[in-house]
Amino acid sequence: MGGMVRFVHTADWQLGMTRHFLSEEAQARYSDARLAAIGAIGRLAEREHCEFVLVCGDVFESNQLSAETVSRALEAMRQAKVPFYLLPGNHDPLSAGSIYTNGQFLEERPPNVVVLDRAGAHEVRKGVVVVAAPWTSKRPDRDPVAEALASVEGWRDGDSVILAAHGGMDVFPHSPQAHGIIRLADLRRAMDRVGFVALGDRHSATEVEDRIWYSGSPEPTNFDDVEKDSGQVLVVELAGRQAQVRPCRIGAWRFGTIERQTDGAEDLADLDRTLSDLPDKTTTVLRLALRGTLSLTDRADLDSLLDRQSRKFASLRLWERRTELAVLPADGEFDGFSGFVGEAVEELAGRANTGNEDAQQALGLLLRLSSGARA
């Protein structure tokens, strides 16, 4: 086999991650799915005859997780049998109190799990080398990639060399305060010695350049305006400096957005049908960006629709930042009120027509209460 190798490149498992928009029940299922992805990756590695799985950072959401999460993760890797090489990232760095050095992890770590806990070369077998750039703190004062590359001596011609690193890259937008930014120029200079650069941090599968890839997260973590092509891992076949990369879908969950013009009962019925026809609702997190003008009756119907449909989804909610619904009283909606109440309704209706949300909500409540009384 020499230096030829086939492996799975993955990253950003972030086991123990929570999402604020999930209910307690949905969060439990989401956490289970992130753990189940380990088994799916192991089965993929076996089907594809991969020698190992390389996890490029953020295996865990943090260094402070429940003992149950750590145990279940290690057991899933044990059951998968294929070797797993774990690179500490910014969420789970090799700092004081690291998850990788605590007693439980060391006691329960199976033989097929290897932590890439030092910068530099780790020989997987003769002819195959992983050059690791682990994070040693959340705010490293040195460039982990440059340190890892500088520490390697005695590069052998014909070896398949894989650089395993984690972090944002200077060619992508990032916070000015971001730490661990990888410089593409440094990677380019190393590509005459490195066969493949396996990166973590971006949750979207991304080909930066030939032989330089982010694998993305095996389960999505954010909506489709933020993450593209998440829910995948990469099967990489490497021979020296020739690499073939194939994305493979792993994720069971979906984070999506529906944008709609919504101007009345017909549009609401169409939205209801669209939501009803979606598959796999229990593993779908959905945001609605609605625009249009509704009567108070229509708005009450929308609230009822959302309440009914949301019980079927992992999460279903309005995307407030992108939702622009004007709610205006329709002719005849309050004809049954007279006297003092009628005057108050007329004043509220006038305010509602100018876009006053408090007035719109008050009229909506009055309409619902009056409808209930008449029923």
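This is a predicted model: local features need pLDDT of at least 70, side-chain atom pairs count only at pLDDT 80 or more; totals for chains, interfaces and linings use all residues.
The protein chain holds nine helices and 16 strands, and buried residues make up 53% of its 375 residues. Among contacts between residues at least 6 apart in sequence, 73% join residues at least 24 apart.

Next, select helix α2, residues 67-80, and look along its length. Its end C-alpha atoms lie 20 Å apart, which agrees with the 20 Å that 14 residues should span at 1.5 Å a residue. Now colour T69, V70, A73, L74, A76, M77 and A80, which are buried in α2; because they cover an arc of only 155° around the axis, they fall on the same side of α2. An α-helix has 3.6 residues a turn, so residues three or four places apart point the same way.

Finally, turn to the open sheet of six strands, which runs in the order β5-β6-β7-β8-β10-β9 with mixed pairing. Its edge strands, each pairing on one side only, are β5 (120-125) and β9 (206-209), and the twist from one strand to the next averages 25°. Within this sheet, select β8 (residues 196-200) together with β10 (residues 212-214), which pair in the parallel sense over three bridges; here L199 has Y214 of β10 as its bridge partner.

How values were computed: Residues are numbered from 1 along each chain as its sequence is written. Side-chain values use heavy atoms; hydrogens and water are left out. Helices (H or I, at least four residues) and strands (E, at least two) are DSSP runs, numbered from the N terminus. Buried means under 20% relative accessible area, exposed over 50%, partly exposed in between (1.4 Å probe, protein chains only). Contact means heavy atoms within 4.5 Å. The expected span of a helix is 1.5 Å times one less than its number of residues. The arc is that of the directions from the helix axis to the C-beta atoms. Two strands pair if DSSP finds at least two bridges between them. Axes are lines fitted to C-alpha atoms, for helices over the stretch in contact, and angles run from 0 to 180 degrees between N-to-C directions.
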